[in-house]
Amino acid sequence: MVKQKQETANQPDNTAFTQQRLPAWQPIISAGIVIPGFLIIGLAFIGIGVALFVTSQSIQVLEMDYTGVDKTSPCNRCTDPNVKSCLCQMDFSIDTLFKGPVFFYYGLSNYYQNFRKYGVSIDYNQLFGDLSYFTSPSEKCSPYQYDNNNNPIVPCGAMANSMFSDTFKLFQIVNGTNKEVPLDGKGIAWWTDSNIKYRNPSVTPLQMAFNNTVKPLLWANPAYQLDPADANNNGFINQDFLVWMRRAALPNFRKLYRRITSGDYTQGLPAGNYTLQIAYNYPVLSFGGRKTVVFSNVSWMGGKNDFLGIAYLVIGSMCIIMSIVMLIVYAKFRFSEEE
Amino acid sequence: MLRRLNRLLGGDERRVDSRTIYVGRQPGSTNEAFIPPKFCDNRIVSSKYTVWNFLPKNLFEQFRRIANFYFLIIFLVQVIVDTPTSPVTSGLPLFFVITVTAIKQGYEDWLRHKADYEVNKYRVTVLEDGRRISKESEKIKVGDVVEVVEDETFPCDLILLQSSRDDGTCFVTTASLDGESNHKTHYTVPDIEKDLEMLCATIECEQPQPDLYKFVGRMQIYRNNQESVVRSLGPENLLLKGATLKNTKKICGVAVYTGMETKMALNYQGKSQKRSAVEKSINAFLLVYLCILLSKALVCTTLKYVWQSKPGQDEPWYNEKTPREKETNLYLKMFTDFLSFMVLFNFIIPVSMYVTVEMQKFLGSLFITWDKDFFDPEIKEGALVNTSDLNEELGQVEYVFTDKTGTLTQNNMEFIECCIDGFQYTYRDTASELDGFCVTDGPVSKLPQKASTEREELFLRALCLCHTVQVKEPTEQDQGQGGGLLDQVDGLGVDGEVLQPPQEEKGFIASSPDEIALVKGAVRYGFTFLGLENKVMKILNRNKDVEMYELLHVLNFDPVRRRMSVIVRSRSGDTLLFCKGADASIFPRVRQEEVERIRMHVDRNAKEGYRTLCVAYKYLSAEEYAQADAGLREARLALQDREEKLMAVYNQVETGMSLIGATAVEDRLQEEAAETMESLQGAGIKIWVLTGDKMETAKSTCYACRLFQRNTELLELTVRTLEDGRMRREARLHELLIEYHKKAVQDVPPGVTRSWCSDSQDYGFIIDGASLSMVLNCSHESNSSLYKNLFLQICQNCTAVLCCRMAPLQKAQIVKMVKNSKGSPITLSIGDGANDVSMILEAHVGIGIKGKEGRQAVRNSDYAIPKLKHLKKLLLAHGHLYYVRIAHLVQYFFYKNLCFILPQFLYQFFCGYSQQPLYDAAYLTMYNICFTSMPILAYSLLEQHICIDVLLENATLYRAIAKNAMLRWGPFIKWTLQGVFHGLVFFFGVRYLFSNPALQNNGQVFGNWSYGTIVFTVLVFTVTLKLALDTRHWTWLNHFVIWGSLAFYVVFSFFWGGIIWPFLSQQRLCSVFAKMLSSLSVWLVIILLILLSLLPEILLVVFRNPFAPRPRQAAAAVTPLSYKHLKEHE
């Protein structure tokens, strides 16, 4: 017995792993599985594609450029940088009911929110309510770190500084009078942004926290006065601010401004004439940008986007064509095999 | 005398190749101020680092690797320049790799330190001025007399002065040096007085050199008022450091080489590093990717400045520059931008690839060691892997150079027959004829004719005397019984019937099994060699008398002379020279009239595949002997060119002999040698047999191994064919080469792979050493290269090539020639003996067989296997799989990093070339380390695209991967295009999705990090699923790591986005992943893009198989258009 043990001492372990004989499945991509597989995938994709396409087509979108490049455009006069606090109006009409809830977006084009330097020009510690960073903002905010009098800017950085400052009011023209459409500014930003990611300093009143600091240079009001109507919508958890602080992925983007959910407009915007009153503050012509407003309703797939539906349809039909081609090849192959 | 000595030492040129050592007192009282030469102390330093230099030295060595250096540069750029990604992203993986390597090397070095310390502090006994002093081993100086007791290892290289054994010998094992565990005998220097205190001598010997088996020196012993005596020193007097004293109570020796100058230490210096062809491919691909990287960075930088030149783009009001940025020089800005882009895209060359490749090689080699098919119950050992760098090279072998003896054959010699004076004596090992071997009857009584008894006995005496065999030392108990051995052997001699093979096996020890076979053969005929004691050889003759012969000289065997001789003096005072050797080396040295009778037998035996030796003798007259003796002694004392001088004397002495007879010894084929050779040939591997043996013997072995078939036409280029015509040899050589070339190369229609089409004519080529050296060293320069080319072309068109009568160096020459020939084919050498070492080292892959001829081949090999038959599995299964695995690993790594970085590159076009990273830093860092590394590692360890049994059965499958098939530019471009396609799909798919970033039914929009995360998610899933598609062998481990990696990615992403990380300055990924998954559109786009990316892959797999012309067997194993085939192995 002992001797036997010695003999096998040197012998390699005879386990499935060491002998590379682990039980294994060898999947073979064969016609028998590929052809029906492709067929099923193709059909499923076409199904999804049709659903997506139909949904996308059913979404109503109304997009209006109000940059005012055109001389005839109502906002043209506001493009002059010397004009301060300019108001302009855009009239439009809706033929059929614009089904609600209607979402009111503003869009910017050729605007690079995804510049690297722009993106890092932010101090999260400030925005997390850390008061020590109010007095000495992060170096990354430069050149929006201190104002000319060397006062710390809160919130600092290019991103906060360049917050979108146009405001809109929507009126339905009912019998010649302007009836204001109530715009709901709640829940336009991510829930996590306002509840987890950004925080106001726990100082009451909020204004006390901003002592010895200055507002960003381009802002009309300091952070604690962003929403005079709702005290809880101020500071860093102001919804508009949060929407702005979520950087857009591409240079042409839209951001959610308001939702139209209440009053007479719960079912949507009824057909009729409307006036959009714009407080035109935000300059974009210097870098060749454009500003738009977009009214849109959404579906389960989000906003209107034909791409997904078309892509599904194309790939679905490709799968089906492939399965047919394969069937033919298979039949031929089998035939020649048998011969 | 002294002056001469001083002159010898004084001359610088002398000091270069010899050293002088003083033993005991200084020779005489010298007035000349002589400074004893300084030698290094006996401290062994095998460690590389000390505590102080570890960090700088190790880091320096690590950063000498080009890849590490590249990552260091990237890291430094990140630290210095304001770059898009934080230094952590590339610093962390680099730090990890460097640290792990440093820890590993540090640990290994610590072990070496510990071992060194143990060796250096070992207490040894040194004799100084007559006292025995205990010293630490490291304090031994050259010239010290050291005492070593049994089972101790020698602390330095010693010249043996005194042994406790009476006959002035001692036994050592060199197991730790060369792995040979048998006992070797070493001899004291003759004429040393017993009292070592009084010894006064100088030793002159060569400077330290690493060859374990070479040593020349001489010792000059001074006696009081007497002329000094000079004795020659050879390897038999030298005890090597590291060897262990056995069977001897104690010895004394003088240290000649110490510390780092000992032969063992000199042998530490590693072998030359062999690099695999795959590594060369990796480097080429790396270069391509480096170019891609540079051009990407260049394109982006250029476009950035073109784009910025448009008004308003450079510095929009919302993103003003800092004053410092404004001041910076434009060109400096361009340069830093370029560097930033480099950093942004540097992940295209992943540091983790090197780690993974290294791990794959190391872990993969374990499977070879673990393979129980390589375990040989006889020697109780499995395969041994000395370098794991060459695993994949095993799958690329095109030429196998094999030794014959011990490799193709078992090297287990059996005495078959002999012929004495032309009469044949056959020994049949069958019971019925055993009685024929009774001593009284004589072995030849049944044969009709026989030689005279006198000649018979002379022949048998020659067999008994002419060898270097030792009788195995009896064990302790046997010694107690006194003449136990004698009785035993005596008994054997009388009754041949009770001959016990095991005892017989144990009886003799020799370096060559031929000699044992011959001595054993002699035993069968009644002459038993009893051993060598005090230079006296004892033989038990047929009459059970002990004959004594004084051994005067041994003219050692060497492969050039191919013979050995002994000079003995019999009791009666006759001086005899017995010589045995290859027929070709004996026949010219004997009287010609004797040759013919014997030649017939020799040729016949050789044809049957036996190893033949001829035995000759001559009487030496007193003058002749005196002359020979003087010549030999002089040559042995020579310090320079000793070998040549000895050779000359040997040749001079071994002349004018008379031939007595010849022997035939059978060397049986290795197990499954023929099958192995056949399947290797089937795999498209050309097999060359390189042997030192006779042509006829080797040829018959080749036939037996089925290297040559019945219908193989043999093209012979040997001394015999060269001497055929009346032409000069050179002219004949030229003619033959042209003729063979015409036959084998030109007449073959191009495009036909001839070697395995059964209907076309097979050629076998035979060349011998002499002809080869004519081909290689042709007198005319112009012809030389022509001949070489012709020779190579002929050989390449032959199924098998046999090179016989090769000297070891010629073997290496041939390997080198083939290795450097057109297309630089991958060569493999396999051998078991010291004579194969040169070719094992020369070939791309060297394989040692753990055979009977010691361990040198194993020590120098890259892989060692117990038997030849294991070569088949090693190449066809392991080699094939490793090649496929590593090739896939490399291609996959480049692919997955290309499609990782391409979206990031494309994103630059949409972010104003601002070096905005698409992915979060965590993803950038973890992509290669955590998310995608484990599945490919598991794949590269476990994949069996064709299962091992099928690979072994169908050798032709090996051809599919020949010539680095999976790592050529074609597949590389295919993979690259795939990577590009995937990258484009990922990026633009998401780009079009984001044409409306409102992707949820609550109307909220997604930002740039969502964009990146969606791309990244598609990326991780696609590359992992692509690997899953490529995996043909799903073990639970594959399932675990593939699905585990994906699950880990999802869990990690939730975790990473789910918590506010206090150490991060920005929480940009906060809840991005969770938010992303709450959008149905994102789900749909992820599914769509993954499927779209993999669609071509699936189609390729489906369509490739039916149209590709594949061997039938392969098609049967993996029929593409068959039903789903789920195979479970046992």
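1. The model is a predicted one. The partner of E136(B) in a salt bridge is K139(B), with 3.3 Å between the closest N and O atoms.

2. Over all chains, the structure has 48 salt bridges.

3. A salt bridge also connects the side chains of K1026(B) and D1030(B), at 3.2 Å from N to O. Both residues sit in helix α36 (residues 1008–1030) of chain B, four residues apart, which means a separation of about one helical turn. K1026(B) and D1030(B) are both buried.

4. For E654(B) and R563(B), the N to O distance in the salt bridge is 2.6 Å. E654(B) is in the loop between α21 (642–653) and β26 (658–669) of chain B, while R563(B) is in strand β23 (residues 563–570) of chain B; the pair therefore ties together parts 91 residues apart in sequence. Both E654(B) and R563(B) are buried.

5. The domain assignment divides chain B into domain 1 (48–121), domain 2 (140–267), domain 3 (353–367 + 877–1102), domain 4 (384–408 + 670–744 + 762–865) and domain 5 (413–428 + 453–473 + 505–667). The contact between domain 1 of chain B and domain 3 of chain B involves eight residues from domain 1 and nine residues from domain 3. Taken over C-alpha atoms, the centres of these two domains are 29 Å apart.

6. How much area do domain 1 of chain B and domain 3 of chain B bury between them? The value is about 750 Å², with 76% of it on carbon and sulfur atoms. On the side of domain 1 of chain B, R65(B), P84(B) and T89(B) lose the most area to domain 3 of chain B, together 49% of what that side buries.

7. Between domain 1 of chain B and domain 3 of chain B there are zero salt bridges. Helix α5 (residues 87–120) of chain B supplies four residues, the largest share of the side of domain 1 of chain B that touches domain 3 of chain B. By class, that side has five nonpolar, two polar and one charged residues.

How values were computed. Residues numbered from 1 in each chain as written. Chains lettered and ligands numbered in written order. Predicted model: local features only at pLDDT ≥ 70, side-chain atom pairs only at ≥ 80, totals over all residues. Heavy atoms only, no water. Domains from an automatic or database assignment. Contact = heavy atoms within 4.5 Å. Buried area = accessible area lost by both parts, 1.4 Å probe. Salt bridge = Lys/Arg side-chain N within 4 Å of Asp/Glu carboxyl O. Helix = DSSP H or I, 4+ residues; strand = E, 2+ residues; numbered from the N terminus. Nonpolar A, V, L, I, M, F, W, Y, C, P; charged D, E, K, R; others polar. Buried < 20%, exposed > 50% of the residue type's maximum accessible area, 1.4 Å probe, protein only.
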